[in-house]
Amino acid sequence: KEEIFNKEREKQENSNTIKLIVLVSLIVCLFTNMFARSLVLNSGLDKSNENSINTSSNIEISVTGVTNETVYNASDIADIVENVMPSMVSITVKTVDSEAIPDEFFYFYGDISEEELEELFSANGSGIIIGKSETELLIVTNEHVIEDSKNVLITFVDDETIEGHVKGYDIEKDIAIVSIDLVDIPKKTLDSIKIATLGDSKSLRLGESVIAIGNVLGYGETVTNGIVSALNRNIEDDEGVVRTFIQTNADINPGNSGGALFNMNGEVIGINESKISDVSVDGVGFAIPISDAIETIEELMKRETRKPVDESLRGYMGVHIIDVSIDANMYYGMPLGIYVSDVFEAAKELNPNGLKKGDIIYEIDGIAMKSSSKMQDFISYYAAGEKIEVCVYRYNGSDYEEVSLEITLIDKIAFDKVANQ
């Protein structure tokens with residue numbers, strides 16, 4: 001009996017020893033996994049300093065290739081947001097100069113405060129700090145965010161607000177670059193911001209976790225999260241242009257446009273598009289894939305930053321123009337663009353091989369022109385005597401052909417002389 005008792009006791013001790021070993025092993029694995037996850041998370045979020053590169057135009061941007069790091073759960077979101085928020089900005093666009101508001105407006109609206117005027121003639125959006133040159137900080141946003149802008153105000157993570165300038169835009173791809181002179185940015189702001197790290201949207205998988213950040217309804221930067229609901233989603237916009245998007249169930253609402261869609265490594269994998277997103281349907285948002293946009297972004301960053309020219313020095317094309325209507329396009333086959341109904345004599349003398357009556361302007365200096373108001377605003381950034389490249393559709397008797405022209409802008413004296421006749 002004693003022998004049997006000893007064997008049972010030995011068996012019990014061995015069992016307890018095994019349990020202890022298993023328990024210790026589980027604890028070690030748990031802490032090892034947590035430590036490893038912490039290392040991977042920190043290394044993923046700090047890539048912006050390790051992968052900064054200079055383009056051929058000496059513009060610093062931060063990019064990564066395809067990553068195979070772990071996709072993190074919701075508990076990591078706060079750390080990621082804290083790291084990426086310095087690369088986000090809020091954008092306020094003023095569409096009308098207060099001095100230019102006609103008296104008739106106040107006749108209908110009566111006394112109105114500065115705050116109410118601001119609300120009526122301004123719009124809100126978001127942007128991403130995408131690069132830096134020797135003289136400028138560069139921000140990417142949607143073209144429709146800065147459309148018809150008179151002033152573009154950029155608010156950084158430290159609440160500093162500085163005026164920016166539209167450097168370039170692509171209407172069809174709905175991408176724009178806004179620049180700010182580095183000398184206009186206080187040191188404390190420069191120390192608090194950073195360039196966003198761009199990821200690879202082509203490596204995204206369905207169901208992958210994402211984070212959307214943007215200036216929702218103009219209230220300030222807001223964070224939402226979700227997953228990749230669909231890839232390569234083709235959507236037709238109001239202009240009839242079909243573009244490809246990332247679909248997500250992260251909320252993308254008005255004001256989110258131009259903001260960032262991040263993966264769980266803190267890399268920008270999309271530019272949010274509230275213009276396309278259906279705000280009447282929950283859980284359906286869209287973003288421009290960053291891998292599709294990077295070529296356009298780099299091209300726009302290389303453009304010369306132009307600022308409005310004083311009216312006395314401003315250049316003029318010397319033409320009467322009207323927009324080609326949808327009806328004229330449908331019934332008469334006229335290409336959409338800006339129809340030249342007359343050319344001033346001063347413009348003919350300066351540009352004998354220039355614009356002709358009946359030409360339809362569709363592009364100036366590589367930028368698509370969708371309306372006469374857009375074109376007039378665009379030309380206000382050029383001085384008299386400057387040369388511009390104008391692309392037109394010209395009727396040859398049977399069809400419209402594309403013609404590229406070099407036009408020298410006339411001065412205000414010549415413009416006023418003809419305009420007042």
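**View 1. The accessible surface and overall make-up of the chain.** In this predicted model, the chain exposes about 22,400 Å², of which carbon and sulfur atoms supply 50%. Buried residues make up 44% of the 421 residues in the chain, and the secondary structure comes to 12 helices and 21 strands. Among the contacts in the chain with a separation of 6 or more, 66% are accounted for by residues 24 or more positions apart.

**View 2. A nonpolar surface patch that includes Met330.** Ile326, Met330, Tyr331, Tyr332 and Leu336 together make a nonpolar surface patch of about 660 Å². Met330 belongs to helix α9, which covers residues 326-332, and with a relative accessibility of 59% Met330 counts as exposed, because the cut-off for that class is over 50%.

View 3. In soluble globular proteins, nonpolar side chains tend to be buried together. The largest nonpolar core of this chain has 49 residues, and those with the most contacts inside it are Met317, Ile361 and Ile364. When its neighbours within four places in sequence are left aside, Met317 is in contact with Ala347, Leu355, Ile361, Ile364, Met375, Ile379, Ile388, Val390 and Leu409. Apart from this core lies another, of 29 residues, which includes Ile77, Leu138, Ile175 and Ile211.

**View 4. The buried and exposed sides of helix α3.** Helix α3 spans residues 77-84, and its buried residues are Ile77, Ile80, Val81, Asn83 and Val84. Seen down the axis of α3, these buried residues fall within an arc of 165°, so they line one face of the helix. Ala78 and Glu82, by contrast, are exposed on the other side of α3. An α-helix has 3.6 residues a turn, so residues three or four places apart point the same way.

View 5. Once its neighbours within four places in sequence are set aside, Thr222 is in contact with Ala212, Ile213, Gly214 and Val216. Thr222 and Asn256, which are 34 residues apart in sequence, are 8.5 Å apart in space, C-alpha to C-alpha.

Definitions and conventions: Residues are numbered from 1 along each chain as its sequence is written. This is a predicted model: local features need pLDDT of at least 70, side-chain atom pairs count only at pLDDT 80 or more; totals for chains, interfaces and linings use all residues. Side-chain values use heavy atoms; hydrogens and water are left out. A nonpolar core is a set of buried Ala, Val, Leu, Ile, Met, Phe, Trp, Tyr and Cys residues joined through side-chain atoms within 4.5 Å. Buried means under 20% relative accessible area, exposed over 50%, partly exposed in between (1.4 Å probe, protein chains only). Contact means heavy atoms within 4.5 Å. Helices (H or I, at least four residues) and strands (E, at least two) are DSSP runs, numbered from the N terminus. The arc is that of the directions from the helix axis to the C-beta atoms. Patches are made of residues with over 30% relative accessible area and no salt bridge: like charges are joined within 9 Å, nonpolar side chains (Val, Leu, Ile, Met, Phe, Trp, Tyr) within 5 Å. Accessible areas come from the Shrake-Rupley method with a 1.4 Å probe; for residues, only the protein chains shown count as cover. A salt bridge is a side-chain nitrogen of Lys or Arg within 4 Å of a carboxyl oxygen of Asp or Glu.
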